[in-house]
Amino acid sequence: FGSYSQEYTRVGTQKVYAPPMTWLNAIPNNTSGTGSVTVTTYYGSISLGSNSKNFTLSVPTSVVPTLTLTAENIGPHIVKNTWGIYLQNVCQAVLSANASGAYSSTIKEYIFDGVSQSSSSKTYDLTQSGDITFKCYVKDSRGRASSTASVTIPVIPYSMPSLSCNMLKRCLSNGTVDDEGTYIVGNYSFSCASCGGNNTISAKIYTREVTEDDYVDKGSIASGDNTIIGTYDIVYAYTVKVVATDAVGNSA
């Protein structure tokens, strides 16, 4: 059978032989193959003739590829390595199929969530939150399919930081609103997604004269508090910019 054979002598008129499973290595691309048996009759040392018959050896249905499925988190360092979570719309999941054929068969096809491909890995954008299950199975050169493997990933909800300004006026040094004041008072509210209690947010305020290109850093501010900055000459107009950035690195 292929390069495999077995010989017996002095067997009388009957012999039962069970080919070992290793013989399946001779048919890595088929589920059955043809072999032959030759019987030679002797009288003492004299050959009286030979007769041959073909036989079919089939691969048992239990012989299928093996498969394990793993997931890797692709995302910002703080999310992946410090928080150790998958974050919606921030992280990606890379699914990798570690598959092996059986008795010399080779893996020809990877089916991830119903879609066939030749590569053993697939990258998913995590656009939804919640427990997301990914499935995969493989087919080998015999056309045999493995059992389906699955991985479930808990994806934590995420949304971009939010920022609003409730007031931005000229004022006096004590915060009293005054159109002739040389200070500016603003009240800003900003927030971020919890990310499982891991996320934080901070904000800074910048100003510049409207005729200038560069902003001046005026320091950090707190959400919900009146922020008074100065001083600003009454004869000039100024632009105020506030940037709120969360620990993920996104800003509003």
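**View 1. Leu126 lies in the loop between β8 (121–125) and β9.** Strands here are DSSP runs (E, at least two residues) and helices are DSSP runs of H or I (at least four residues), both numbered from the N terminus. The model is predicted: local features need pLDDT of at least 70 and side-chain atom pairs count only at pLDDT 80 or more, whereas totals for chains, interfaces and linings use all residues. Residues are numbered from 1 along each chain as its sequence is written, and side-chain values use heavy atoms, with hydrogens and water left out. Leu126 is buried, its relative accessible area being 1%. Buried stands for under 20% relative accessible area, exposed for over 50%, and partly exposed for what is in between (1.4 Å probe, protein chains only). Gln88 is 38 residues away from Leu126 along the chain, yet their C-alpha atoms are separated by 5.4 Å. Leaving aside residues up to four places away in sequence, Leu126 touches Tyr86, Gln88, Asn89, Cys91, Gln92, Ala93, Phe134 and Val155. A contact means heavy atoms within 4.5 Å.

**View 2. The largest nonpolar core has 29 residues.** Such a core is a set of buried Ala, Val, Leu, Ile, Met, Phe, Trp, Tyr and Cys residues joined through side-chain atoms within 4.5 Å. Leu69, Leu87, Leu95 and Phe112 touch the most other members. At least two residues of this core come from each of β3 (66–74), α1 (77–83), β4 (86–87), β5 (92–100), β6 (107–112), β9 (130–140) and β10 (149–156). Another core, of ten residues, lies apart from it and includes Phe190, Ile229, Tyr232 and Ala244. In soluble globular proteins, nonpolar side chains tend to be buried together.

**View 3. Surroundings of Phe112, one of the core residues that touch the most other members.** With residues up to four places away in sequence not counted, the contacts of Phe112 include Leu69, Leu95 and Ala97. Phe112 also touches Gln117, Ser119, Ser120, Ser121, Lys122 and Tyr124, as well as Lys135 and Cys136.

**View 4. The structure holds two salt bridges.** A salt bridge is a side-chain nitrogen of Lys or Arg within 4 Å of a carboxyl oxygen of Asp or Glu. One of them joins Glu72 and Lys80, with 3.7 Å between the closest N and O atoms. Glu72 is partly exposed at a relative accessible area of 40%, and Lys80 is partly exposed at 29%. In the other, the side chains of Lys204 and Asp217 meet at 2.6 Å, N to O. This pair links distant parts of the chain, 13 residues apart: Lys204 is in strand β13 (residues 201–209) and Asp217 in strand β14 (residues 216–221). Lys204 counts as partly exposed at 30% relative accessibility, as does Asp217 at 40%.

**View 5. Backbone details at Gly230, Thr231, Arg10 and Tyr103****.** The peptide bond from Gly230 to Thr231 is cis, with omega near -5°. Thr231 is placed in the loop between β15 (226–230) and β16 (238–246). Arg10 is not a glycine, but has a positive phi of about 55°. Arg10 sits in the segment before β1 and is exposed, at 85% relative accessibility. Tyr103, also not a glycine, has a positive phi of about 50°. The loop between β5 and β6 holds Tyr103, which is partly exposed at 31% relative accessibility.

**View 6. Tyr8, Val11 and Tyr17 make a nonpolar surface patch of about 250 Å².** Patches consist of residues with over 30% relative accessible area and no salt bridge; like charges are joined within 9 Å, and nonpolar side chains (Val, Leu, Ile, Met, Phe, Trp, Tyr) within 5 Å. Val11 belongs to the segment before β1 (32–43) and is partly exposed, with a relative accessible area of 36%.

**View 7. The whole chain, with one helix and 16 strands.** The radius of gyration is 37 Å, well over the 18 Å that the globule rule gives for 252 residues, so the chain is more spread out than a compact globule. This radius is taken over C-alpha atoms, and the rule is 2.2 Å times the number of residues to the power 0.38. Along the principal axes, the C-alpha atoms fill a box of roughly 130 × 30 × 25 Å. Buried residues make up 29% of the 252 residues.

Note on methods. Areas by Shrake-Rupley, 256 points an atom, 1.4 Å probe, with all protein chains shown as cover.
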